[in-house]
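Dear colleague,

Please find below the structure that I am handing over to you. My findings come after it.

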Amino acid sequence: MGEPLVVCEELKRDYGGYAALKGVSFSVARGEFAAVMGPSGCGKSTLLSILGLLDRPSSGRYALAGVDAAALDDAERTRLRRETIGFVFQAYNLLPRLSARDNVALPMAYAGVPPHERRDRAEALLERVGLSAKARRTPLELSGGERQRVGIARALANRPALLLADEPTGNLDSASSRDVIAFLRTLHAEGMTILLVTHDPGVGSAAQRILRLKDGLLE
Ligand SMILES: Nc1ncnc2c1ncn2[C@@H]1O[C@H](COP(=O)(O)OP(=O)(O)OP(=O)(O)O)[C@@H](O)[C@H]1O
Ligand SMILES: [Mg+2]
């Protein structure tokens, strides 16, 4: 099926002389579920930010869906990110004054989806994560596990090809973590490509493949 969805070659990222990534090469095929694991400070979030087009490598190549990220200007990167990537954060990053439904609908607004369709799609996504009854609540009125399910619904808003998640269960208790992982496995079974970062071997074992990062290099 052509080029893999994600292709990284010799990615490096320096922060003012400190090498957080020292030459990372791997690819992720469409439909794969991979986990990045490794000790604190080894560069996991740095790598995910580059893959999420939130940051640029100091050198090396990153191609997403066959598009060389280095060739894009900021507006093109924003558009590729919006159309191709869903990002799930450890701390949810929901807007506190918006309802769950409006949080999920927000990325669709940026993508130019008409209001009634945004509402319908947001409600359908909240139903998928089991939160139909709580669609009008704001994040403060939801538990951590519920907030993360809203975060995942939001990440799916624009039907991304790639789901990226940085420690998506890092703030959750074990029961909520299991819910989140079960849902990610369902998405994977439906064909979603997933790359997540985790410290938790139980979470990592849900993935098909583990990429072990240490001191800015894959082992
Ligand atoms: N903006 C920055 N400026 C300078 N150094 C940074 C910056 N971001 C990260 N670093 C450094 O780069 C290294 C990798 O950081 P990164 O956040 O990628 O680690 P991580 O593997 O995600 O760790 P954790 O498991 O604790 O989240 C660390 O040494 C960190 O201090
Ligand atoms: Mg991190």
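The notes that follow go from the overall fold to the sheet.

This is a predicted model, in which local features need pLDDT of at least 70 and side-chain atom pairs count only at pLDDT 80 or more, whereas totals for chains, interfaces and linings use all residues. Residues are numbered from 1 along each chain as its sequence is written, and chains are lettered from A and ligands numbered from 1 in the order in which they are written.

The protein contains seven helices and ten strands (DSSP runs, H or I of at least four residues for helices and E of at least two for strands, numbered from the N terminus). Its radius of gyration, 17 Å, is close to the 17 Å that the globule rule gives for 219 residues, so the protein is as compact as a globular protein of that length (taken over C-alpha atoms; the rule is 2.2 Å times the number of residues to the power 0.38). Along the principal axes, the C-alpha atoms fill a box of roughly 45 × 40 × 35 Å.

An open sheet of mixed pairing is formed by six strands in the order β6-β7-β8-β3-β9-β10 (strands pair if DSSP finds at least two bridges between them). At its edges lie β6 (85–88) and β10 (217–218), each pairing on one side only. Within the sheet, β7 (residues 162–166) and β8 (residues 193–197) run parallel over five bridges, and Ala165 has Leu196 in β8 as its bridge partner.

Yours sincerely
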